[in-house]
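Subject: Handing over the two-chain model

Hello,

Here is the structure I promised to pass on to you. Have a look at it first, and then read on for what turned up in it.

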Amino acid sequence: MANATETTSVVREIAIDASPDTVWQFLVDPEKATRWMGQRATLDPRPGGVYNVEVIPGHIASGEFVELDPPRRLVQTWGWDAGEDGPRSVPPGSSTIEFELIPDGNGTIVRFTHRDLPDAAAAESHAHGWDHYFERLAIVAGGGDPGVDPWISGPMS
Amino acid sequence: MPRVETALKAIAEPNRRHILRLVWDAELSAGEIASHFDVTQPAVSQHLKVLKEAGLVDERRNGTRRLYRARPEGLAELKAFLDDFWGDRLDALKREAEREERKKHGKRN
């Protein structure tokens, strides 16, 4: 069903064959963070500490670390710096990402949540054809995350 | 993913998204596109060039006219990227963390 909640969340879970300590380093160490997240990173991993990561050229994600409980839980605000084409639809501080690291044998289950996203995609879910995707494209072009596609569970008329 | 980057930059501009909507169902000339909104024809031509380079529109010559139409494959590539932005990032995290773990334990597989 199409719905019109004000925000959306993305939740994903992945099993990693590495210890929580190893995975944690990839979240807080700039050299390791750039191996999976972007090209340049400055991270100040303490509550209130600021980070910047150039995820794709010209698209810099930034925010603050909110909560650090190594190697179990990391909460940080998430948004995108204004680009040459103007402010992004998900500005810095406007949404929150959280990594939960759950020990699983010798490995780790990472549960990732991105919440408080502007819900333009769901608001447009009644639109037909590619208009639906243009809205999603616009969000990500603005450096945002389009959230869960409301069409995946909704009827397509 | 240089192609996706180019496409993301192309659609970051609102007028270019507007142009894409116009040529989604119809093949139009630059002049016809310009008549739909408040942008000069040279500006429209420049936008079309960017969209064409990003693989989002196709250009076809018909006599002296050049006609433009959206390129569904280009949009499909973008859609695939968008549908799993975080999924792709987390896959990369898994790959790198596991590589690091193997290095720590001196395994080779």
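Let me begin with the surface of chain B, which exposes about 5900 Å², with carbon and sulfur atoms supplying 47% of that area. Accessible areas here come from the Shrake-Rupley method with a 1.4 Å probe, and for residues only the protein chains shown count as cover.

Before going further, please keep in mind that this is a predicted model, in which local features need pLDDT of at least 70 and side-chain atom pairs count only at pLDDT 80 or more, while totals for chains, interfaces and linings use all residues. Residues are numbered from 1 along each chain as its sequence is written, chains are lettered from A and ligands numbered from 1 in the order in which they are written, and side-chain values use heavy atoms, with hydrogens and water left out.

**Chain B**

Chain B has six helices and three strands. Helices (H or I, at least four residues) and strands (E, at least two) are DSSP runs, numbered from the N terminus. Read from that end, the elements of chain B follow the order α-α-β-α-α-β-β-α-α. Of its 109 residues, 45% count as buried; buried means under 20% relative accessible area, exposed means over 50%, and partly exposed lies in between (1.4 Å probe, protein chains only). If you take the contacts in chain B between residues at least 6 apart in sequence, 56% of them join residues at least 24 apart. A contact means heavy atoms within 4.5 Å.

The strands of chain B form an open sheet of three, in the order β1-β3-β2, with antiparallel pairing. Its edge strands are β1 (28-29) and β2 (57-62), each of which pairs on one side only. Two strands pair if DSSP finds at least two bridges between them. Between β1(B) and β3(B) (residues 65-70) there are two bridges, in the antiparallel sense, and L28(B) stands opposite Y68(B) there.

One residue to look up in chain B is K49(B), in helix α4 (residues 41-53). K49(B) has a relative accessible area of 44% and is therefore partly exposed. Although K49(B) and A10(B) are 39 residues apart along the chain, their C-alpha atoms are separated by 9.9 Å.

**Chain A**

Chain A has four helices and seven strands, running β-α-α-β-β-β-β-β-β-α-α from the N terminus on. Of its 157 residues, 52% count as buried. Chain A exposes about 7200 Å², and carbon and sulfur atoms supply 52% of this. Among its contacts with a separation of 6 or more, residues 24 or more positions apart account for 42%.

A hairpin of three residues joins β4(A) to β5(A). P71(A) has its place in that loop, and a cis peptide bond, with omega about -10°, joins P70(A) and P71(A). For comparison, most peptide bonds are trans.

The loop between β5 and β6 of chain A holds P92(A), which counts as partly exposed because its relative accessibility is 40%. P92(A) touches S62(A), G79(A), W80(A) and D81(A), leaving aside residues up to four places away in sequence. P92(A) and E64(A) are 28 residues apart in sequence and 8.7 Å apart in space, C-alpha to C-alpha.

**Where the chains meet**

Which helix of chain B packs with α1(A)? Helix α1(A) (residues 20-28) packs with helix α6(B) (residues 85-105) at an angle of about 125°, with their axes 9 Å apart. Axes are lines fitted to C-alpha atoms, for helices over the stretch in contact, and angles run from 0 to 180 degrees between N-to-C directions. The two helices are therefore oblique to each other: angles under 35 degrees count as roughly parallel, over 145 as roughly antiparallel, 65 to 115 as roughly perpendicular and the rest as oblique.

From α1(A), T22(A), V23(A), F26(A) and L27(A) meet L93(B), E96(B), A97(B), E100(B), E101(B) and K104(B) in α6(B). Helix α1(A) is mostly covered, with seven of its nine residues buried, among them W24(A) and F26(A).

Enjoy exploring it!
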